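Notebook open. Today I am looking up charged side-chain pairs.

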Amino acid sequence: FQYYEPMNLKWQAPRQVWKADKMGQKTGEVSEAYDVAITPNGTVIAAEWLNQRLQIFDSTGFSKDIIASQMVQPWGVALTREGNYAITDEKDRTVKVFTPQGSCMVAWKKQMFGWPRGIAVTSSGQYVVSDNQHGKHTVSLHLPDGACIRQVGSQGSGNDQFHWPRYVAVDLHDRILVSDGSNHCIKVLDSTGHFLYKFGSIGSGDGHMKHPRGVCVCPNDNIVVADQDNHRVTLYSPDGKFIRHLLAVQKPWGVALSEGGLLAVTQKPAVSLYKVFDPMP
């Protein structure tokens, strides 16, 4: 079916709401923030790999909580349908789910993955996880208890292969988006993990990418990509057509977008929040 950009989002020049960019281990300081999630009310959950914790910022940038400190080494973070925080934990090479209050609700068995990276949750509550184990490079689908439904991919450049598949997201139709870092593209899989199409190629022009990292989806199914080595965050249509560059930012990693138009971006030494659109009635 034909895609178009609906008029229900009024895009604007990005306005920075707040930025946490003091490096360190104290509350409000950041170190190696690899991924980010955002709640509907603008609460930002930053996965700090080096500080081994999740840091929770409110919509004004105030650090209101630190959870799972030293219990995890989080790479990816995603919101579950219940509002909990699912993370890929490099310490135990598994997935763990925490409540916003910091209780660990679920921990899959240890050493399930080589180097678990991205994580996303489908509308049915299944989990999508990317794994960068050397020579493996896979994306897998799991039940909430960790049971693997399907694993796809191997290391390479083919349509059904990946080379450093770091971040994953799920769109409104439960298609799976994979930022295939060293193939410099986004691969789109159906809800069962079968390849549909890809977009992006190495370069610095419009529609090009260099080592893309974070990927997330807008309320109208447009796709936001953190184009790490081109130092920008870019907007694409659901079928992968270039729309516009949203932000110029040094080496963006994780990205997350709220339905209210707030875009959270991590760089390794910083977490920022921008207002990028207004939802229209």
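This is a predicted model: local features need pLDDT of at least 70, side-chain atom pairs count only at pLDDT 80 or more; totals for chains, interfaces and linings use all residues.

How many salt bridges does the count come to? I get 14 salt bridges. I kept a general point in mind: side chains of opposite charge can pair when their charged atoms come close.

**Entry 1: K268 and E32**

I looked up K268. K268 forms a salt bridge with E32, and their closest N and O atoms lie 3.9 Å apart. The cut-off is within 4 Å, so a pair at 3.9 Å counts. Where do K268 and E32 sit in the chain? K268 is in the loop between β23 (262-267) and β24 (270-279). E32 is in the loop between β1 (9-20) and β2 (33-38). The two residues are 236 residues apart, so I logged the pair as a link between distant parts of the chain.

Next I checked accessibility. K268 counts as partly exposed because its relative accessibility is 31%. E32 has 15% relative accessibility, so E32 counts as buried. Buried means under 20%.

**Entry 2: D89 and K96**

I turned to D89. D89 pairs with K96 in a salt bridge, with 2.9 Å between the closest N and O atoms. Are these two buried or exposed? I find both D89 and K96 buried. I then followed shared partners. Salt bridges join D89, D92 and K96 into one network.

**Entry 3: D171 and R175**

The D171 side chain meets that of R175 in a salt bridge, at 2.8 Å from N to O. Both D171 and R175 are buried.

Technical notes. Residues are numbered from 1 along each chain as its sequence is written. Side-chain values use heavy atoms; hydrogens and water are left out. Helices (H or I, at least four residues) and strands (E, at least two) are DSSP runs, numbered from the N terminus. Buried means under 20% relative accessible area, exposed over 50%, partly exposed in between (1.4 Å probe, protein chains only).
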